[in-house]
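Student: I am new to this structure. Could you help me read it, one feature at a time?
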Amino acid sequence: MVVGEPRSVRTLTIRRRTVAVVLAALLGLAIVPAYADQAYPSADDVQRAQAAVTTAEGQVAALDAQLAALRIHLVDVQNAAGVAAEAYNGARLAADEADAAAADAIAKADGARSAADQASLLLSQYAAGVYEDSGSLGQLGIFLSDSGPQTVLDRAAGIEAVGTERDRVLREAQSSAMLLATLQRAADEARARAVAAAEVARKAADEAKATVAAAEAEAAAVAQQEAALVAQVAALRKTSVELEQQRQQGLAAEEQRRREEAERLRLERLREEEAHRPKPTTASSSSSSSSSSSSSSSSSSSSTPTSTETTGPGHGGASSAVAYAYAQLGKPYVWAAAGPDAFDCSGLTMMAWRQAGVYLGHYTGTQWNQTQRVAIADLRPGDLVFYGSSGPSSFHVGLYIGGGKMIHAPHPGDVVKISSIYYMSGLLSYGGRP
């Protein structure tokens, strides 16, 4: 302080120094000794502070990018687990069908064996009777008897009748034996297919179990990484971890909205392309006539479901299916589960439609084959929406509830919930109507 300096000047000097100290503290700068002799930060101090701020902002941006990448990675891992689980459902269903086919083939072979045994018994009885009647001379004995000509003629007519019956018995025995051999081969082949299908299902179960376990472990690791990164961001931005978590949730929600919009636009472009393609006219297209008619009736509309088709209670027993799905909200996803306490995606839709008396298979590909095609723009509550490269190979399914929303069991680590039908990529242009 300069002796004799006016109070106002001294106060101003103190205030300038105080501002400098506070500014330095806010910017994370060390208070250098030079501040004792200057009333405000120098140009170098300001430049260093600006560089520090820029560096901090860059670090926050980099950490935000890391967190976003972690979220995307986790979704990919969880979806992969869901795909593996659904592949197991398909393998298990194929094994069950192979078992049923084998049981049917074995039952037919057993029936043929009984018929063959009966035919063989009749043939044996016939042979024994002929032997007992004719002795060692067989049927020639009647021609060597001392009876008169009329008796010989009568017995000759009897031999002809016996010969016809013999031929019938022989034919039946031979036919039964041939049928038995054919059906036995079919039963053996069906049994072998059932054994092979069971092995495929076992391997699919092992793969699904391992994939789900890996997804759960990865989710735990990602959660730890996220917590550490969020703490770093909070320190850099000088906010609390709780507030930073809320900010990250907002960023994640925004990322999800962008993905859903991109998926909606992709599907809309795909529908426009389909609308401009020549319609098939050959008889071979009859299997897809329902989807073609749906496409032609809605080709001028957007792929986003309209409000008019979401206000009704649904079709047929759809209201029962939708009501059931709503009642399962919050229950955990468990692969291969079909209630009552946990579900996977196809298990949920299967059980929902069972309430309406419709029996769908516990596999997305089967449910696609068991339903009628309906364009996304024409969806009604209760319809199914599928995800994948094609319907038969689809890996996810949800139950449409109207307003562009569905109820579904997303993947391991999640619960039954309501989502946009554009929630995940791969939405197919057509849904399924049971």
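Tutor: Gladly. Let's begin inside a helix: R264 and E268 both belong to helix α4, four residues apart, about one turn of the helix. Helices (H or I, at least four residues) and strands (E, at least two) are DSSP runs, numbered from the N terminus. This is a predicted model, in which local features need pLDDT of at least 70 and side-chain atom pairs count only at pLDDT 80 or more, while totals for chains, interfaces and linings use all residues. Residues are numbered from 1 along each chain as its sequence is written, and side-chain values use heavy atoms, with hydrogens and water left out.

Student: What do R264 and E268 form, and how far apart are the closest N and O atoms?

Tutor: Side chains of opposite charge can pair when their charged atoms come close. Here R264 and E268 form a salt bridge (a side-chain nitrogen of Lys or Arg within 4 Å of a carboxyl oxygen of Asp or Glu), with the closest N and O atoms 2.9 Å apart. R264 also forms a salt bridge with E261, at 2.8 Å between the closest N and O atoms. E261 and R264 lie three residues apart in α4, again about one turn.

Student: Is R264 buried or exposed?

Tutor: Buried means under 20% relative accessible area, exposed over 50%, and partly exposed in between (1.4 Å probe, protein chains only). R264 counts as buried because its relative accessibility is 18%, whereas E261, at 37%, counts as partly exposed. The buried residues of α4 also include E244, Q248 and L267.

Student: How many salt bridges does a search of the whole structure find?

Tutor: The search finds 17. One of them joins the side chains of D414 and K417 (2.9 Å, N to O). D414 is buried, with a relative accessible area of 14%, while K417 is partly exposed at 24%. Elsewhere, salt bridges with shared partners join D64, R237, E244 and R247 into one network.

Student: How do strands β3 and β4 pair?

Tutor: Two strands pair if DSSP finds at least two bridges between them. β3 (residues 396–402) and β4 (residues 405–408) pair in the antiparallel sense over three bridges, and Y400 stands opposite M406 in β4. The two strands form a hairpin with two residues between them, and G403 in the turn has a positive phi of about 65°. On to β5 (residues 417–420): β4 pairs with this strand in the antiparallel sense over four bridges, and S419 is the bridge partner of M406 there.

Student: Which residues line the largest cavity?

Tutor: Rolling a probe the size of a water molecule over the atoms shows where empty space is left. On a 1 Å grid over the protein atoms alone, a cavity is a set of points where a 1.4 Å probe fits but cannot get out; lining residues have an atom within 4 Å of a point. The lining of the largest cavity includes N79, E86, Y333 and C345. Helix α2 (residues 43–134) gives the largest share of that lining, four residues.

Methods: On a 1 Å grid over the protein atoms alone, a cavity is a set of points where a 1.4 Å probe fits but cannot get out, and a pocket is an open set with protein on both sides within 12 Å along at least five of seven lines; lining residues have an atom within 4 Å of a point.
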